[in-house]
Amino acid sequence: MKKMSLAAAAVAGLVTALPAAAQFQKPGDAIEYRQSAFTLIASHFGRVAAMAQGKAPFDAKVAAENIAIVSTLAKLPLTAFGPGTDKGHGTEAKAAVWSDAAGFKAAADKYVAAVEKLDAAGKTGDFAQIKAAVGETGGSCKGCHDKFKEK
Ligand code: HEC
């Protein structure tokens, strides 16, 4: 429940309105926050990916709704990798997140750009464009996970 209420606050813009440093009282809060945000992103992205892969019927409206949620949430976990958040709370973040901060930022930028394209594609309602953007976005998730997340 705690995870959901944090996420709900994020969606409402309450969390994003605060300066990044003020968001988390304890490192563990940041870890749980980013895990919760990624869980929600994966859930909504997964619904669109299922359509793109032909595992669920394509519905432009449902795709657009889910893409809009992904787009709103996309940057939230990226704000929660501050110093001291490398251990505990079952984190799967690798030390490389901090030791290769430039590489992590590059992976994050690629993902943000891909989600922006996905957002634009969602607004067109065009299956081919959504499918292509889902592929690029999914690749950006994997690209970061391969280097920066424990399997
Ligand atoms: C810039 C790097 C990066 C990008 C891009 C990224 N992730 Fe992650 N993701 C991580 C890291 C690091 C963790 C581990 C977080 C932790 O456990 O503290 C993670 C964790 C997760 C988790 C597990 C959450 C949990 O409950 O512990 C899911 C699910 C996930 N990511 C999905 C996605 C999806 C889907 C995308 C693309 C739409 C994505 N991620 C993009 C770095 C990234």
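Helix 2 (27–52) contributes 7 residues to the shell around the ligand, the most of any element. Helices here are DSSP runs of H or I with at least four residues, numbered from the N terminus. This is a predicted model, in which local features need pLDDT of at least 70 and side-chain atom pairs count only at pLDDT 80 or more, while totals for chains, interfaces and linings use all residues. Residues are numbered from 1 along each chain as its sequence is written, and side-chain values use heavy atoms, with hydrogens and water left out.

The ligand is surrounded by 20 residues, where a residue is near a molecule if one of its heavy atoms lies within 4 Å of it. Arg 34, Thr 91, Cys 141, Cys 144 and His 145 are the closest. By class, the shell holds 12 nonpolar, 5 polar and 3 charged residues. Ala, Val, Leu, Ile, Met, Phe, Trp, Tyr, Cys and Pro count as nonpolar, Asp, Glu, Lys and Arg as charged, and the others, Gly among them, as polar.

## Iron site

The protein supplies a single donor to the iron atom of the ligand: NE2 of His 145, at 2.1 Å. Donors are N, O and S atoms within 2.8 Å of the metal (3.2 Å for Na, K and Ca); water is not among the atoms, so sites may look incomplete. His 145 belongs to helix 6 (residues 127–148).

Arg 34 places a polar side-chain atom 2.8 Å from a ligand oxygen. For Thr 91, the distance from a polar side-chain atom to an oxygen of the ligand is 2.6 Å. Glu 92 instead uses a backbone N or O atom, 2.8 Å from a ligand oxygen.

Ser 140 counts as buried because its relative accessibility is 8%; buried means under 20% relative accessible area, exposed over 50%, and partly exposed in between (1.4 Å probe, protein chains only). A polar side-chain atom of Ser 140 lies 2.7 Å from the backbone oxygen of Thr 137.

His 89 sits in the loop between helix 3 (60–73) and helix 4 (96–99). The phi angle of His 89 is near 55°, a positive value in a residue other than glycine. With a relative accessible area of 45%, His 89 is partly exposed.

How values were computed
Helices (H or I, at least four residues) and strands (E, at least two) are DSSP runs, numbered from the N terminus. A polar contact is a pair of N or O atoms within 3.5 Å; within protein, one must be able to donate a hydrogen and the other to accept it, and residues adjacent in sequence count only if both atoms are side-chain atoms.
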